[in-house]
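Please have a look at it before I go on.

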Amino acid sequence: SFANFVDEDYTSIYLRGNLNLSDPAPLMLCFLSNFDFTNSDKKCPPERNALKDFYESAKGQEWTNDTLWLHPYKSHCDWHGVTCTFLGDSEHARKLDLRNNGLSGTLSKSIGDLHMLEELDLSDNDIKGVVPSEVGHLSKLVRLRLSYNELTGTLPDDFFANLTKLQLIQLHSNRIRGTIPILEWTEEKSWKPILSNYSSSFVADCGSPSDFGESLNCTECTMCCNAHGNCYPNEDTDIQKMYIEDYTHFSLVLYFGFFAGAYLIVVLVLSVLNRKKYRQLPRRSIRQLSEKDHKYALHALGADSVYQFFMGKS
């Protein structure tokens, strides 16, 4: 077999000038350091090598559909989920769409070698581990969907520095920690208006409650998802528009307002009662004093006094 052949003590494989050698060369040959076409972009496309590493890292043999992947004589552009574009006389992967395809394992760093990639959709799988920083090197990327996986770790602060053409980012339903930095958009970066028009264009796990002590911080996200899988637009709620941070603070303000209002009502009632009592007491005192003085005056004047006669009549 070829594997046994490679295991022998042969140091070099030279096929230059062989008219029967197709483009691309057999995949296995391209991974031999002693193959004379190893560095040929046409015979051994670097992207095919990168996709082979990606396939093995993501447990490709367990995929739902891996049609033609690692086929020894087929171009990587014929592999399931890979769409290519021509640039000169060579083909380059433009789109890698393997959503809901049973991927697991981890993401290979070699994915950063797909320099012409514009769309990367690996959503709805079971990929674990961290998001390789090499993904941030894909400067042509327009759409990035890694949602609904088991990805963990913290994205580097400069992860999005080179991803200036992105129009869609979906990272939610993972376990990515930390802060997605504020992205510096300029007028030349055309996707900012697109983000503002589509609420689902930049989605991450920045909602509450979170799987972590604090939710992922993402001020640029157009939509946030929480630990329950519920997603909502990332905009100020009615209470936040009142300069109240969240519902916990809102409850505190509500309780304080209730007790403050109750206290004011009690004070007002007591004040009214005291004022009524104050108004009534002087009148009773004056009335009692007048009757006493009247009797004393009659006694002092005498029974036969003319004044007593008139005062008695009054």
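Predicted model: local features only at pLDDT ≥ 70, side-chain atom pairs only at ≥ 80, totals over all residues.

Asp126 counts as partly exposed because its relative accessibility is 33%, where partly exposed lies between buried, under 20% relative accessible area, and exposed, over 50%, as found with a 1.4 Å probe on protein chains only. Asp126 forms a salt bridge with Lys128, and the closest N and O atoms of the two are 2.9 Å apart; by salt bridge I mean a side-chain nitrogen of Lys or Arg within 4 Å of a carboxyl oxygen of Asp or Glu. Lys128 is also partly exposed, at 40% relative accessibility.

Residues are numbered from 1 along each chain as its sequence is written, and side-chain values use heavy atoms, with hydrogens and water left out.

How many salt bridges does the structure hold? There are 8 salt bridges, and another of them brings together the side chains of Arg143 and Glu119, at 3.7 Å from N to O. Arg143 sits in strand E5 (residues 143-145) and Glu119 in strand E3, so this pair ties together parts that are 24 residues apart in sequence; strands here are DSSP runs of E with at least two residues, helices are runs of H or I with at least four, and both are numbered from the N terminus. Arg143 is partly exposed, at 35% relative accessibility, and salt bridges with shared partners join Arg94, Lys95, Glu119 and Arg143 into one network.

A further salt bridge links the side chains of Arg99 and Asp97, with 3.3 Å from N to O. Arg99 is partly exposed, with a relative accessible area of 47%, whereas Asp97 counts as buried at 17%.

Arg99 also leads us to Ser123, since Ser123 touches Leu98, Arg99, Asn100, Arg145, Leu146, Ser147 and Asn149, leaving aside residues up to four places away in sequence; a contact means heavy atoms within 4.5 Å. Is Ser123 buried or exposed? Ser123 is buried, because its relative accessibility is 0%, and its place is in the loop between strand E3 (119-121) and strand E4 (128-130).

Turning to the strands, E1 (residues 82-87) and E2 (residues 90-97) pair in the antiparallel sense over 6 bridges, where pairing requires that DSSP finds at least two bridges between two strands. Phe86 has Glu91 as its bridge partner in E2, and in the hairpin of E1 and E2, with 2 residues between the strands, Gly88 takes a positive phi near 70 degrees.

Elsewhere, Leu270 lies in helix H4 (residues 247-301), and Leu270 counts as partly exposed because its relative accessibility is 47%.

Finally, for the protein chain as a whole, there are 5 helices and 11 strands, and buried residues make up 34% of its 314 residues. Among contacts between residues at least 6 apart in sequence, 46% join residues at least 24 apart.
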